[in-house]
Amino acid sequence: MEPDRNESAELGFDDTIHAPVRLRISGLLRHVEQIDFAVLRDTLGITDATLSKHLRILVEAGYATTTKSRSATRSDARRITWIAQTRSGRAAFDAHVEELRRIAAGTISESAPPP
């Protein structure tokens, strides 16, 4: 069972997702079932350490999962790390993007606190 964000949490602007690298990771994950760590790293043009740090934050928030599997094409024991977005991660990302659209349009979200 995939980890889920607290069901009572309000969706909208999400500081966890908003960090530039995590926003890009979430955007890429939104359109695939899963992606290989190395492919994600190379697509983003970041280091292993940077990707690991941001993935750890997304996993801890319940927005992503990682699994390891043996490579069918390699003869050594190295394993492939697969990253997938959780249902909570998709919902949070979609809500965050919608909130960004409202901000760009100059409208205030119903869930936003008064000024």
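Colleague: Which helix is His54 found in?
Modeller: His54 is found in helix 4. Helices (H or I, at least four residues) and strands (E, at least two) are DSSP runs, numbered from the N terminus. This is a predicted model, in which local features need pLDDT of at least 70, side-chain atom pairs count only at pLDDT 80 or more, and totals for chains, interfaces and linings use all residues. Residues are numbered from 1 along each chain as its sequence is written, and side-chain values use heavy atoms, with hydrogens and water left out.

Colleague: Is His54 buried or exposed?
Modeller: His54 is buried, because its relative accessible area is 10%. Buried means under 20% relative accessible area, exposed over 50%, and partly exposed in between (1.4 Å probe, protein chains only).

Colleague: And what is His54 in contact with, neighbours within four places in sequence aside?
Modeller: His54 is then in contact with Val21, Arg22 and Ile25, where contact means heavy atoms within 4.5 Å. Val21 is 33 residues from His54 in sequence, and their C-alpha atoms are 7.2 Å apart in space.

Colleague: Which other residues are buried in helix 4?
Modeller: Besides His54, they are Leu51, Leu55 and Leu58.

Colleague: What covers them?
Modeller: The cover includes helix 1 (15-18), helix 2 (20-29), helix 3 (37-44), strand 2 and strand 3 (79-85). The face of helix 4 turned away from the buried side carries the exposed residues Ala49 and Glu60.

Colleague: Back to Arg22: where does it lie, and what is the nearest side chain of opposite charge?
Modeller: Arg22 lies in helix 2.

Colleague: New topic: what is the mean pLDDT of the protein chain?
Modeller: The mean is 86, and 79% of the residues reach 70 or more. pLDDT is the predictor's confidence in each residue, from 0 to 100. Over residues 1-9 the pLDDT is below 50. Where pLDDT is low, the predicted coordinates should not be read in detail.
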